[in-house]
Amino acid sequence: MKNKSVFIIRLIYYIIILIFLLYLFGKTPNGKIVLIPFLICFLINIIKYIVIITGKQRYVKWLNNIFLIVFFMSWFSFLSYFCYISFISKNYIMILFSIPFWIAGIIFLKNKSILCLWALIPKFL
């Protein structure tokens, strides 16, 4: 197991971001639903690092699976909504613009090796 101080630093990082997201969630009059997947993903990461620090490693895989489910549901829900709005407004170029994101999502889902941007940032700190 890695040095616990690394996990504590990551935990602090995720808690700061979660507080910022909760602040945005409270101050945003419309569009709060957009922030919910981010809140859930950060909360899952906070719980994961608490579990790692306390030494209960058997729950980490379960938490990673929940994170992936939430992430992919958010990814494909946003793309579906984007394509629906583009189709209704007869803006077919935007549907073509979404094709690379559909392909990337399917490849990530197939490989199950997604590394989200917010999961990469603490590794460079």
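Q: Helices are DSSP runs of H or I with at least four residues, and strands are DSSP runs of E with at least two, numbered from the N terminus. Under that definition, how many helices and strands are there in the protein chain?
A: The model discussed here is a predicted one. Its protein chain contains five helices and zero strands. Read from the N terminus on, the order of elements is α-α-α-α-α.

Q: How much of the protein chain do buried residues make up?
A: A residue is called buried when its relative accessible area is under 20%, and exposed when it is over 50%. Of the 125 residues in the protein chain, 29% are buried.

Q: Why does the span of helix 1 agree with its number of residues?
A: Helix 1 has 24 residues, which at 1.5 Å a residue should span 34 Å; the end C-alpha atoms are 35 Å apart, and the two values therefore agree. Helix 3, residues 60-88, can be read in this way too: its 29 residues reach 42 Å from the first C-alpha to the last, close to the expected 42 Å.

Q: At what angle do the axes of helix 1 and helix 2 cross?
A: Two packed helices are described by the angle between their axes and by the distance between the axes. In this model, the axes of helix 1 (residues 4-27) and helix 2 (residues 32-54) cross at roughly 155° and come within 9 Å. Because angles over 145 degrees count as roughly antiparallel, helix 1 is roughly antiparallel to helix 2. The crossing in which helix 1 passes helix 2 is left-handed. As for the composition of this contact, its residues divide into 22 nonpolar, two polar and three charged.

Q: How do the axes of helix 3 and helix 4 cross?
A: The axes of helix 3 and helix 4 come within 9 Å, with a crossing of roughly 165°. This makes helix 3 roughly antiparallel to helix 4. The crossing of helix 3 and helix 4 is left-handed.

Q: Which residues of helix 1 are buried?
A: The buried residues of helix 1 are F7, R10, L11, Y13, Y14, L18 and L21. Y13, for instance, has a relative accessible area of 16%. Although Y13 and F42 are 29 residues apart in sequence, their C-alpha atoms are 9.9 Å apart in space.

Q: Which residues are buried in helix 3?
A: In helix 3 the buried residues are V60, L63, F67, L68, V70, F71, F72, F76, L79, C83 and S86. For L79, the relative accessible area is 5%, so this residue is buried. L79 and G105 are 26 residues apart in sequence, and 9.6 Å separates them in space, C-alpha to C-alpha.

Q: How many aromatic pairs does a search of the whole structure find?
A: The search of the whole structure finds 11 aromatic pairs. One of them joins F7 and Y49: the ring centres are 5.9 Å apart and the planes are at 35°, so this pair is tilted. Because F7 lies in helix 1 and Y49 in helix 2, the pair ties together parts that are 42 residues apart in sequence. Both F7 and Y49 are buried.
A further pair is F71 and W75, whose ring centres are 5.7 Å apart and whose planes are at 40°, so this pair too is tilted. F71 and W75 both lie in helix 3, four residues apart, about one turn of the helix. F71 counts as buried because its relative accessibility is 9%, whereas W75, at 23%, is partly exposed.

Q: Which residues form one aromatic cluster?
A: One aromatic cluster is formed by F7, Y13, Y14, F42 and Y49. Among them, Y13 is placed in helix 1.

Q: Is the phi of K90 positive or negative?
A: Most residues other than glycine have a negative phi. K90 is not a glycine, yet its phi is positive, about 55°. K90 follows helix 3 and lies in the loop between helix 3 and helix 4 (92-111). With a relative accessibility of 63%, K90 counts as exposed.

Key
Residues numbered from 1 in each chain as written. Predicted model: local features only at pLDDT ≥ 70, side-chain atom pairs only at ≥ 80, totals over all residues. Heavy atoms only, no water. Axes fitted to C-alpha atoms, helices over the stretch in contact; angles between N-to-C directions. Parallel < 35°, antiparallel > 145°, perpendicular 65-115°, else oblique. Left-handed = near helix turned anticlockwise from the far one by under 90°. Nonpolar A, V, L, I, M, F, W, Y, C, P; charged D, E, K, R; others polar. Expected span 1.5 Å × (residues − 1). Buried < 20%, exposed > 50% of the residue type's maximum accessible area, 1.4 Å probe, protein only. Phe/Tyr/Trp six-rings, centres within 6.5 Å; stacked < 30°, edge-to-face > 60°.
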